[in-house]
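Colleague: Could we go through the helices and the charged side chains of this model together, one question at a time?

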Amino acid sequence: SVLRRLRRLRPSDTRVLRRMARLTSNSLGSPSAAARILRAGLRSHPHDPYLWHGLAVHETQHGAGDDASVSLARRYFRRAIACRADLPHPYHAWGLWESRRGRPEMGLAILRRGLEQVPGREGHRLCHACGTVEARLGMWARAERSYRRGIAGVPAWHRARSFLCTGLGAVYAKSRRRERARKYFREGLRDNQRHAQGWAAWALAEEREFKDVEAARKVYAEAVGRYEASCRNGRGLRASARNSGNKWVTVYRHWANLEKKEGDFKAASDIYARGVEAFDNDWKLWVDWAKTLYDDGEAIDLVELTFEEALTRAGTSTADPYRTYAEYQMDLGRPYRARAIFQHGAATVSDSDDGRPRGLAPLFHSWAVCEWSAGGPPDRAARLFDLALQHAPARSSPDAAGPPVRAGEGDARLVRSWILLSRARFELFGRENARLAGHYASMAVVEHGGGGTPEAWTLWGDVACRLRDPGHARTCFERAIELRSRGRGKKG
C-alpha cells in the first residue's frame, strides 16, 4: 500500500515500479504479475534503462529457459544498454548470466565491454564480476588484475571493497600463497563482518587449498559466532534473522559438511541445530539435518520428525523435500511408506503462476524407480517415467558452439537425458524389452547434446548385444571408453 501511494504521488518515478515488481515476484510469489508491472512501466517510459534491465533479469530468473526465453532476455539487456551505455547493471547481470549458462567467454566479453563504457568508480562491480569469471576459467593473473583494479577504484569504506578483497584472497589461495590470501581475506572482512561469502571463501580456502581443517573450523566458528551475536536480543535470535534464502545459511552448511567429511556427525548435527534456530524457514537445512541424524544412527522417529519439519517449511513451493524423504524410506526398505510420501508431494506442490512446477521431474523419476524396485506394476512405473519427462525443464538447444545451456532445474538436456537413461534401464531389465530400451538409450544420447554419457553408450551396447548386433555393440562400447577417457561423468 505504501508503494501504491508513492506511485500515485510520483507517477514518473520508475524506482517505485521496480520496487513494486520485486516485491510482487519475491514476496508475493507472482512473477507474471511482476512482469506486467514492468511492461506497463515501459509503455509510459520506453527509454528507461532500469526498467529494461529489470525485465531482462526477470526473464533470466522466471522465463521458460528455452531458446525463445534466452533470446528475449538478451534483447532486453541490449535495450537497457542502448538506452544508457554507461549503466553498469545490465553488463553485470548479463555477463554473469551467460557465464552461469556455460558460456564464460561470452560473459567475459560482455563484462569487459561494460568496463570500456562505465566510468571510473562505477565500474567496481564489473571488475569483481570479471575477476570471478576469469578465476573460474583458471585465468589467475587476469583475475588478480581485475580485482586489484576494482580495489584501486573504490574508497576504503566502500562495501564493495570487501567483495573485491575476498575475491583476491581466493585467487591467492588457489596459487597457495597462504599469507597473502589470509591478508586479503582479513582485509575484506575487517569493515564488513556480515559478508557471508567472504567468511565461507576463507574457510573453504583453509580446508581445500591449504588442507588445514583446524584453521577452517576456527574461521567458521568465528563467523557464525559473530553473526549470531549480531542477531540476538534478550529473547534469543531476532525474528528478522529467522528467514530462508539468506547467504549465511551457506556458511552453516559448509561448516556442517566439513564436520561430516571428518566423520564427526554429532558436531555436524549441532551445527544444523544452530542453523535452523537462525533460519527456521529454510527447508534445505532441515533436510540436511535429518539426513545427518540418520547417518549418525539417531532414532528413526527423530529423523522422521525432522523430515516432517522440512515438509512444513517447504509448503507447496517445491517437491524436493518430499522426494528426499521418500528416498530415505526406500533406503529403509519401506516402499509403501515411500509411495505415500511421493503421492503427498505430487498432490501438494502447486505450479507457480507461470505454469512451471518445481522439483516434480526428479520426484516422479524417483517414484518410478521406487515402483520398479519394489516390484510394482510395470505400467505404473512407465507412467511415472512419462510424467518425469513431462515435468522436466523445457528443451533448449545450444548455440552454434559451446555446451548445453542452463534452464530451469539444472541443464534441461542433461535432466531429460538422465530420465531417458533410467527409462532405458527399466525397459531392458524391468520389462526385458530390448528394442524399446534401445530406443530410449538412443534418445538419451541425442538429448544429452554433448555426445552422450559413457553410461548411455554402455547401455546401448548392452542392448545391441541382446539384439545380436555385435558391430553396433562394438561401436557403442568404443564410444563409451572414449568418453570415459575424456572424463565425462554421468548426470546426477
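Modeller: Before we begin, helices here are DSSP runs of H or I with at least four residues, numbered from the N terminus. Please keep in mind that this is a predicted model.

Colleague: Is Glu228 buried or exposed, and with the side chain of which residue does the side chain of Glu228 make a polar contact?

Modeller: Glu228 lies in helix 13, which covers residues 213–231. Because buried means under 20% relative accessible area, the 7% of Glu228 places this residue among the buried ones. At 2.8 Å, the side chain of Glu228 makes a polar contact with the side chain of Tyr252.

Colleague: How are helix 14 and helix 15 oriented to each other?

Modeller: Two packed helices are described by the angle between their axes and the distance between the axes. For helix 14 (residues 248–261) and helix 15 (residues 265–278), the axes come within 7 Å and cross at roughly 170°. Since angles over 145 degrees count as roughly antiparallel, the relation of helix 14 to helix 15 is roughly antiparallel.

Colleague: In the contact of helix 14 with helix 15, how many residues are nonpolar, polar and charged?

Modeller: On the side of helix 14 the contact includes Tyr252, Trp255 and Glu259, and on the side of helix 15 the residues include Phe265, Ile271 and Arg274. By class, the contact of helix 14 with helix 15 has 9 nonpolar, 2 polar and 3 charged residues.

Colleague: With which residue does Glu259 form a salt bridge?

Modeller: The partner of Glu259, which is in helix 14, sits in helix 13, 42 residues apart, so that the pair links distant parts of the chain. Both residues of this pair are buried, and their closest N and O atoms are 2.8 Å apart. The partner of Glu259 is Arg217.

Colleague: Which residue meets Arg253 in a salt bridge?

Modeller: Arg253 belongs to helix 14, while the partner is in the loop between helix 15 and helix 16 (283–295), 29 residues apart. Both residues of the pair are buried. At 3.7 Å, N to O, the side chain that meets Arg253 is that of Asp282.

Colleague: Which residues are linked with Arg182 and Glu206 in a network of salt bridges?

Modeller: The side chains of Arg182 and Glu206 themselves meet in a salt bridge at 2.7 Å, N to O, and both residues are buried. Their pair links helix 11 (residues 178–190) with helix 12 (residues 196–209). Linked with Arg182 and Glu206 in the network are Arg178, Glu179 and Asp212.

Notes: Residues numbered from 1 in each chain as written. Predicted model: local features only at pLDDT ≥ 70, side-chain atom pairs only at ≥ 80, totals over all residues. Heavy atoms only, no water. Helix = DSSP H or I, 4+ residues; strand = E, 2+ residues; numbered from the N terminus. Buried < 20%, exposed > 50% of the residue type's maximum accessible area, 1.4 Å probe, protein only. Polar contact = N/O pair within 3.5 Å; in protein donor to acceptor, adjacent residues only side chain to side chain. Axes fitted to C-alpha atoms, helices over the stretch in contact; angles between N-to-C directions. Parallel < 35°, antiparallel > 145°, perpendicular 65-115°, else oblique. Contact = heavy atoms within 4.5 Å. Nonpolar A, V, L, I, M, F, W, Y, C, P; charged D, E, K, R; others polar. Salt bridge = Lys/Arg side-chain N within 4 Å of Asp/Glu carboxyl O.
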